[in-house]
Amino acid sequence: MLLLLALIFGCQEEKKADDPEVLKQVLLEYFKGIKDINLDEMKAVTTSDYLLFENGQVWNNDSIYEFLKSLPPFVAEYKLDNFRINIDSETGNIVYYNHADLIMNDTIEIKYDWIESATFKKVDGEWKIDFLHSTVRQ
């Protein structure tokens, strides 16, 4: 009996953590969607119930997209660094710094720095962002 149990439990496949770089790539794709003001790109890498908490406001992809469309024409460059990534087989999270250089109306330069964290989960075998929290970096 013990041998049978040992065989059953010993033969079960152990779920291994995915490569942390996968989460980083999903996050970069999300910011590409923001930069491109492309709702489809943003939704492709987020869960259907995705939320962003930023400085006391609650956003989803639709509200972010509408806000971005309301801005004057701009060009954005995002630099994400100082990553700390945790991942297992079904969930993950990243803590990182985000720096943005924006040029509005081809003339106005604006710089932002944030401290951010994102949580991820697998949906149908693909990593998706389900929550992002952003606060201004002092």
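1. In this predicted model, strands β3 and β4 run antiparallel and are joined by 12 bridges. As background, strands of a sheet pair through backbone hydrogen bonds, in either a parallel or an antiparallel sense.

2. The β3–β4 pair belongs to an open sheet of 6 strands, ordered β2-β1-β6-β5-β4-β3, with mixed pairing. β2 and β3 are the edge strands, each pairing on one side only. From one strand to the next, the twist averages 20°. A parallel pairing is found between β1 and β6, over 5 bridges. There, F53 has H133 in β6 as its bridge partner.

3. Helix α2 lies across β1, β3, β4, β5 and β6, and runs at about 160° to β3. Helix α4 lies across β1, β2 and β3, and its angle to β1 is about 60°.

4. Which elements supply the largest nonpolar core? The core itself has 26 residues, and those with the most contacts inside it are L27, Y30, I64, Y96, F120 and I129. At least two residues each come from α2, β1 (46–54), α4 (61–70), β3 (74–87), β4 (91–104), β5 (108–123) and β6 (126–136). Helix α2 gives the most, with 6 residues. In soluble globular proteins, nonpolar side chains tend to be buried together.

5. Leaving aside neighbours within four places in sequence, Y96 is in contact with L27, F31, L80, D81, N82, F83, W114, I115, E116, S117, A118 and L132. Y96 is also listed with L27 among the residues with the most contacts inside the core.

6. Is K24 buried or exposed? K24 lies in helix α2, which spans residues 20–36. K24 counts as buried because its relative accessible area is 19%, and the cut-off for buried is under 20%. Not counting residues up to four places away in sequence, K24 touches F83, I85 and I94. F83 is also among the contacts of Y96.

7. In α4, the buried residues are N61, I64, Y65 and L68. Viewed down the axis of α4, these buried residues fall within an arc of 100°, so they line one face of the helix. An α-helix has 3.6 residues a turn, so residues three or four places apart point the same way. The buried residues of α4 pack against α2, α3 (39–44), β1, β2 (57–59) and β3. At the N-terminal end, α4 is capped by N60, with a side-chain oxygen 3.0 Å from the backbone nitrogen of D62.

8. Two loop residues have backbone angles to check. Most residues other than glycine have a negative phi. N105 has a positive phi, near 50°, and sits in the loop between β4 and β5. With 40% relative accessibility, N105 counts as partly exposed. D124 also has a positive phi, near 50°, and its place is the loop between β5 and β6. D124 is exposed, because its relative accessible area is 79% and exposed means over 50%.

Note on methods: Residues numbered from 1 in each chain as written. Predicted model: local features only at pLDDT ≥ 70, side-chain atom pairs only at ≥ 80, totals over all residues. Heavy atoms only, no water. Helix = DSSP H or I, 4+ residues; strand = E, 2+ residues; numbered from the N terminus. Buried < 20%, exposed > 50% of the residue type's maximum accessible area, 1.4 Å probe, protein only. Contact = heavy atoms within 4.5 Å. Core = buried A, V, L, I, M, F, W, Y, C linked by side-chain atoms within 4.5 Å. Arc of directions from axis to C-beta. Polar contact = N/O pair within 3.5 Å; in protein donor to acceptor, adjacent residues only side chain to side chain. Pairing = 2+ DSSP bridges. Axes fitted to C-alpha atoms, helices over the stretch in contact; angles between N-to-C directions.
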